[in-house]
Amino acid sequence: MHGEYKIPGGKLVVVDLDSRDGVLRDVQVAGDFFLEPDEALAAINHALEGAPADTPAAGLASRIESALPAGTTMYGITAEGVAVAVRRALTQATDWTDYDWQLIHEQPQSPALHMALDQVITEEVAAGRRPPTLRVWEWDSPAVIIGSFQSLRNEVDPAGAARHGVTVVRRISGGGAMFVEADNTITYSLSVPASLVSGLSFAESYAYLDDWVLNALGDMGIQAWYQPLNDIASTEGKIAGAAQKRLASGDGAVLHHVTMSYDIDADKMVDVLRIGKEKLSDKGTKSAKKRVDPLRRQTGLPRAEVINRMITSFRTRYGLTQGHVTAEEMARAEELAVTRYSNEEWTARVP
């Protein structure tokens, strides 16, 4: 069995092993990490040898930490990262490079249709009818997207939304509200097979699926990192927020979508969202406006160029071919956009 795990902010850990009679055998850990002294690698292998195959990642990490020689120095590798690689080997997890990735980047679409496309495309991946897909969104109107479990009245000021022509939609994933405008926002979705995140905890899957965009931002001069549970941050502030939905149909699939702030109309945002509305002081309002730091200021690049560099970075790492939404997928999405995502019953399902 073979498992790989790129530790967020660290190096690649590779584990080859066998499982016989319910225990780990012939364990070999490798990777491009740094480890001193040399004996520490043998100690890690020995700690894992004979461990029950159903040991959770936390238990495997504990065995590793207990076996490390005194004074061991680890760079780009952690006991937890090795444990995750073991779990991914045992669950026969797939890797990014195992797939022929497809890109969808089409004309501007309505907020409700975007919600529907996320659902339909991820369902198609789960059914095995579509390859793993990176979809970059373009917006035809401003919107607030609230999380699946958020209270509509607690998150959105209806008067402010009406005043600015903002459509309110509810997505199928959890997380917080997002304020988006066509030229000020970069939004993308990853629709991936469940096997890609096999062996990862919910939190680990966020970091794992965000890793490529951290590298893309780094290439643009932004030192960014994953901030649990679902943010991408930099030294200047929050850059993006992510959300996930796991589908059990077919072989299973994960929808991981991210909204990044390219620019932001902070006054409009606080007029539409109920951010800091209970904090009536000027300090509270300023704090709300500073929650997100736009990519425009940090990169100095046009929005289209930021998107192009992100796509290029993904293609360089994993391969990416141009695709499109099929006629069948669009027909299903258009129906869902009307019957579900434009339906007040769905939008206000948590009043």
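The lining of the second largest cavity comprises five nonpolar, four polar and three charged residues, where Ala, Val, Leu, Ile, Met, Phe, Trp, Tyr, Cys and Pro count as nonpolar, Asp, Glu, Lys and Arg as charged, and the others, Gly among them, as polar. The model is a predicted one, in which local features need pLDDT of at least 70 and side-chain atom pairs count only at pLDDT 80 or more, whereas totals for chains, interfaces and linings use all residues. Residues are numbered from 1 along each chain as its sequence is written, and side-chain values use heavy atoms, with hydrogens and water left out.

The second largest cavity holds about 50 Å³ of space. A cavity is a set of points, on a 1 Å grid over the protein atoms alone, where a 1.4 Å probe fits but cannot get out, and lining residues have an atom within 4 Å of a point. Grid points are joined across faces, edges and corners, and a volume is the space filled by probe spheres set on the points. Among the residues lining the second largest cavity are His105, Glu106, His114, Arg135 and Trp137. Strand β6 (102-105), helix α4 and strand β7 (133-136) each supply at least two residues of this lining; helices (H or I, at least four residues) and strands (E, at least two) are DSSP runs, numbered from the N terminus.

In total, the structure holds three cavities of 30 Å³ or more. At least two lining residues of the largest cavity come from each of α4, β14 and β15 (253-261).

Helix α4 (residues 111-126) also contains glutamine 119. This glutamine counts as buried (under 20% relative accessible area), because its relative accessibility is 10%. Leaving aside residues up to four places away in sequence, glutamine 119 touches Ile172, Leu247, Leu336, Arg340 and Tyr341, contact meaning heavy atoms within 4.5 Å.

Strand β13 (residues 231-234) directs Asp231 and Ala233 one way and Ile232 and Ser234 the other way, and all are buried. In a regular strand the side chains alternate between the two faces of the sheet. Strand β13 runs antiparallel to β12 (residues 224-227), to which four bridges join it; two strands pair if DSSP finds at least two bridges between them. Alanine 233 is the bridge partner of tryptophan 225, and three residues separate β12 and β13 in a hairpin. With β14 (residues 237-247), β13 pairs in the antiparallel sense over four bridges. Serine 234 stands opposite glycine 237, and a hairpin of two residues joins β13 to β14.

The whole structure contains 14 aromatic pairs, defined for rings of Phe, Tyr and Trp (its six-membered ring) with centres within 6.5 Å; planes under 30 degrees apart count as stacked, over 60 as edge-to-face and the rest as tilted. Tryptophan 96 and phenylalanine 314 are edge-to-face, because their planes stand at 75°, with ring centres 6.0 Å apart. Tryptophan 96 lies in the loop between α3 and β6 and phenylalanine 314 in helix α11 (residues 303-318), so this pair ties together parts 218 residues apart in sequence.

Definitions and conventions: Buried means under 20% relative accessible area, exposed over 50%, partly exposed in between (1.4 Å probe, protein chains only). On a 1 Å grid over the protein atoms alone, a cavity is a set of points where a 1.4 Å probe fits but cannot get out, and a pocket is an open set with protein on both sides within 12 Å along at least five of seven lines; lining residues have an atom within 4 Å of a point.
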